[in-house]
Amino acid sequence: DLVPGADLRHELRQRGTIPPRDAVWLIDQVLAGLSAVHSAGIVHRDIKPENVLLDRRDGRVVPRITDFGIARMVEQGPAARSTVIAGTPDYMAPELADGQPPTPQSDLYAAGILLYELLCGVTPFAGGSPLVVMRRHVTWAPGRPAGLPDPLWGFLQHLLAKDPSLRPSGADVARVGGGRPDERFGRPGRQPDRGVGVADLDEEPRRSIVAARRPVAVSYTHLT
């Protein structure tokens with residue numbers, strides 16, 4: 001379908017950050033879409049702002065998940081001895097960096113990274129080569145955005161748990177979708193600080209962050 005409107009990356013470039021109430025509403029919609037995708041037995045594997053289109057019709061904005069190319073590529077590719085890691089490093093779950101197969105919980109982790117970026121204007125582990133960024137997902141903890149209400153920070157930590165089994169289940173995600181964001185997560189006192197964005201960096205770090213936002217496929221062979 002032709003979707004009239006830009007993607008979330010364009011929105012972030014225009015606004016820098018998204019106010020918490022709007023950010024939570026957007027992630028609610030993304031999680032609802034992922035729930036439907038996962039129910040069909042599909043793992044997206046590349047949730048990021050570029051792959052969330054904002055469908056603007058009749059005065060409404062409806063986020064739509066797009067670009068299932070990586071999911072098809074991995075599932076339909078020929079069998080090989082090597083393990084292929086496919087995705088965009090800034091949004092890649094830690095278990096994928098360790099060579100484990102993608103699951104719906106991997107998509108939920110990416111949704112958590114997306115929520116963090118909407119709130120702060122930058123992903124929590126940005127900067128450096130794609131492999132460096134992937135290792136940070138495994139070994140680093142995300143910093144808490146300034147001014148974030150405790151319930152919202154708790155939900156964000158739940159999505160960003162290093163252990164996939166500690167992330168929300170499908171039922172948990174479904175419960176998140178009910179009610180107003182300020183009822184579920186508290187009224188934010190002020191918009192979180194934007195933090196360091198790509199435009200604030202010198203040329204070399206900026207290139208590193210842009211590289212970490214591009215999809216990659218890393219192949220390696222397990223040694224026995």
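This is a predicted model: local features need pLDDT of at least 70, side-chain atom pairs count only at pLDDT 80 or more; totals for chains, interfaces and linings use all residues.
## The nonpolar core

The largest nonpolar core holds 39 residues, and among these Leu114, Leu115, Leu118, Leu119 and Leu156 touch the most other members. At least two residues of this core come from each of α1 (8-15), α2 (20-39), β1 (52-57), α4 (94-97), α5 (104-120) and α7 (150-159), with α5 giving the most, 11 residues.

## Helix α1 and its two faces

The buried residues of α1 are Leu8, Arg9, Glu11 and Leu12, and because they cover an arc of only 160 degrees around the axis, they lie on the same side of the helix. These buried residues of α1 pack against α2, β1 and α5, whereas the face turned away from them carries the exposed residues Arg13 and Gln14.

At the N-terminal end, aspartate 7 caps α1, with a side-chain oxygen 3.1 Å from the backbone nitrogen of arginine 9. The helix is followed by glycine 16, whose phi is positive, near 85 degrees.

## Salt bridges

The structure holds 11 salt bridges, one of which joins glutamate 50 to arginine 9, with the closest N and O atoms 2.9 Å apart. Since glutamate 50 lies in the loop between α2 and β1 and arginine 9 in helix α1, the pair ties together parts that are 41 residues apart in sequence. Arginine 9 counts as buried, at 3% relative accessibility, while glutamate 50, at 24%, counts as partly exposed.

Within α1, glutamate 11 forms a salt bridge with arginine 15, the closest N and O atoms being 3.2 Å apart; the two residues are four apart, about one turn of the helix.

Note on methods. Residues are numbered from 1 along each chain as its sequence is written. Side-chain values use heavy atoms; hydrogens and water are left out. A nonpolar core is a set of buried Ala, Val, Leu, Ile, Met, Phe, Trp, Tyr and Cys residues joined through side-chain atoms within 4.5 Å. Buried means under 20% relative accessible area, exposed over 50%, partly exposed in between (1.4 Å probe, protein chains only). The arc is that of the directions from the helix axis to the C-beta atoms. Contact means heavy atoms within 4.5 Å. A polar contact is a pair of N or O atoms within 3.5 Å; within protein, one must be able to donate a hydrogen and the other to accept it, and residues adjacent in sequence count only if both atoms are side-chain atoms. A salt bridge is a side-chain nitrogen of Lys or Arg within 4 Å of a carboxyl oxygen of Asp or Glu.
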